[in-house]
Amino acid sequence: MTDYELKNIDPDDINDLLVKVEKSFNIKFGDTELMHISSFGELCDHIANKIQLDNSDDCTSQQAFYKIRDAISSTLQIDNKTISTDFALVDLLPRQSRRSRTKKLEKHLGIKLNILRPPHWMTVTLVIIFLASLIGLYFMWQIGLSGLLFSIGGLWLANKIGSELDLQTVGQVAEKMTRENYLKSRRNPRTFNKNEIEKVLTEWFSEEFDLDKNKLWREAKFV
């Protein structure tokens, strides 16, 4: 990956991702704390050093899988011996009961999995209405305001009732859970594996910004 690809990411998008990183690792960045960070490797090292927990060389994604497998077995009455990382989500979460089953899993885990979304066509349509309504405010503010309210309410409702899956397997859910709820995914949330932090952040940047994680080098510059 060229430096240009990393430099080309909107700083606001990176800040949004860092908010998720804070939540996942239970840390907090100061307003100017990251000003000296210029490369991806420096960011990974800074976060790893900031986590004030005991180091333990065990695999978090494996522990996340075991937690999900136990939750599936307990809430959906499926033999955990039949659940592998390749277990298909569409078989586990059939469309007619997908949202209710997902809520049961989340309640058992104590974690929001965020694996369901509205159809893309619906999201795109509502975003177009929102943008058109912003323009409409300058011409007929009443119609523009109505469009804004409709699109905002529609997006909120769509996210509440959406039942589309982007992930295909239980293993992918475990990887997502590890990224977004790292400490809660561990058997002992008062420990972390320092050697995993760079891998987790690499996968997160790759997922969020559509970057090739095999080319996300430590030397890649933000500025």
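Trainee: How many cavities of 30 Å³ or more does a search of the whole structure find?

Mentor: This is a predicted model, in which local features need pLDDT of at least 70, side-chain atom pairs count only at pLDDT 80 or more, and totals for chains, interfaces and linings use all residues. Residues are numbered from 1 along each chain as its sequence is written, and side-chain values use heavy atoms, with hydrogens and water left out. A cavity is a set of points, on a 1 Å grid over the protein atoms alone, where a 1.4 Å probe fits but cannot get out. The search finds 1 such cavity.

Trainee: What lines the largest cavity?

Mentor: Lining residues have an atom within 4 Å of a point. Here they are Ile68, Ile72, Leu89, Leu92, Leu93, Leu105, Leu113, Ile115, Val170 and Val173. Helix 4 (60-76), helix 5 (89-92) and helix 9 (170-180) each give two or more residues to this lining; a helix is a DSSP run (H or I) of at least four residues, numbered from the N terminus.

Trainee: Which residue has a positive phi of about 55° although it is not a glycine?

Mentor: Most residues other than glycine have a negative phi. Asn26 has a positive phi of about 55°, and Asn26 lies in the loop between helix 2 (11-25) and helix 3 (40-50).

Trainee: Is Asn26 buried or exposed?

Mentor: Buried means under 20% relative accessible area, exposed over 50%, and partly exposed in between (1.4 Å probe, protein chains only). Asn26 is exposed, at 63%.

Key. On a 1 Å grid over the protein atoms alone, a cavity is a set of points where a 1.4 Å probe fits but cannot get out, and a pocket is an open set with protein on both sides within 12 Å along at least five of seven lines; lining residues have an atom within 4 Å of a point. Grid points are joined across faces, edges and corners, and a volume is the space filled by probe spheres set on the points.
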